[in-house]
Amino acid sequence: MNKFRIWIKFSGSDEGHLDTDWCEQEQLFSSLQRLLHGPAAKMGIIAEIKVIDTMDCIVFLVREGRQVFPEAA
């Protein structure tokens, strides 16, 4: 079963913060919903959202509110 971590960076900071630690897909979707559409997103304070898997591969990346990886159609 796949596990994921979500790292975020706030606007004006280069430091990454662990938002969600080794979760399964259901919690991943819930966390992404909160980060992409919740209060912090509406305030514009999240600069980057990065999801990695257990092999330390980036599986989803958003910068400044735009999906970077995988490339949006």
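**Fold and core of the protein chain**

Read from the N terminus, the elements of the protein chain follow the order β-β-α-α-β-β-β. Helices (H or I, at least four residues) and strands (E, at least two) are DSSP runs numbered from the N terminus, and the chain has 2 helices and 5 strands. The radius of gyration, taken over C-alpha atoms, is 12 Å, close to the 11 Å that the globule rule gives for 73 residues, so the chain is as compact as a globular protein of that length. The globule rule is 2.2 Å times the number of residues to the power 0.38. Along its principal axes, the C-alpha trace spans about 35 × 25 × 25 Å.

This is a predicted model, in which local features need pLDDT of at least 70 and side-chain atom pairs count only at pLDDT 80 or more, while totals for chains, interfaces and linings use all residues. Residues are numbered from 1 along each chain as its sequence is written, and side-chain values use heavy atoms, with hydrogens and water left out.

Buried residues (under 20% relative accessible area, with exposed over 50% and partly exposed in between; 1.4 Å probe, protein chains only) make up 27% of the 73 residues. The largest nonpolar core has 12 residues, among them Phe-4, Ile-6, Leu-32, Leu-35, Val-51 and Val-62. Such a core is a set of buried Ala, Val, Leu, Ile, Met, Phe, Trp, Tyr and Cys residues joined through side-chain atoms within 4.5 Å.

The core also includes Leu-28, Ile-46 and Phe-60. At least two of its residues come from each of β1 (4-10), α1 (25-37), β3 (46-53) and β4 (58-63).

Beyond its neighbours within four places in sequence, Leu-35 is in contact with Ile-6, Ile-8, Asp-19, Ala-41, Ile-46 and Ile-49.

Val-51 lies in strand β3 and counts as buried at 1% relative accessibility. Not counting residues up to four places away in sequence, Val-51 touches Phe-4, Arg-5, Ile-6, Leu-28, Leu-32, Cys-57, Ile-58, Val-59 and Phe-60. The C-alpha atoms of Val-51 and Leu-32, 19 residues apart along the chain, are 9.2 Å from each other.

Val-62 belongs to strand β4 and, at 5% relative accessibility, is buried too. With residues up to four places away again left out, Val-62 touches Leu-36, Ala-47, Glu-48, Ile-49, Gln-67 and Val-68. Between the C-alpha atoms of Val-62 and Glu-48, 14 residues apart along the chain, the separation is 5.5 Å.

Note on methods:
Contact means heavy atoms within 4.5 Å.
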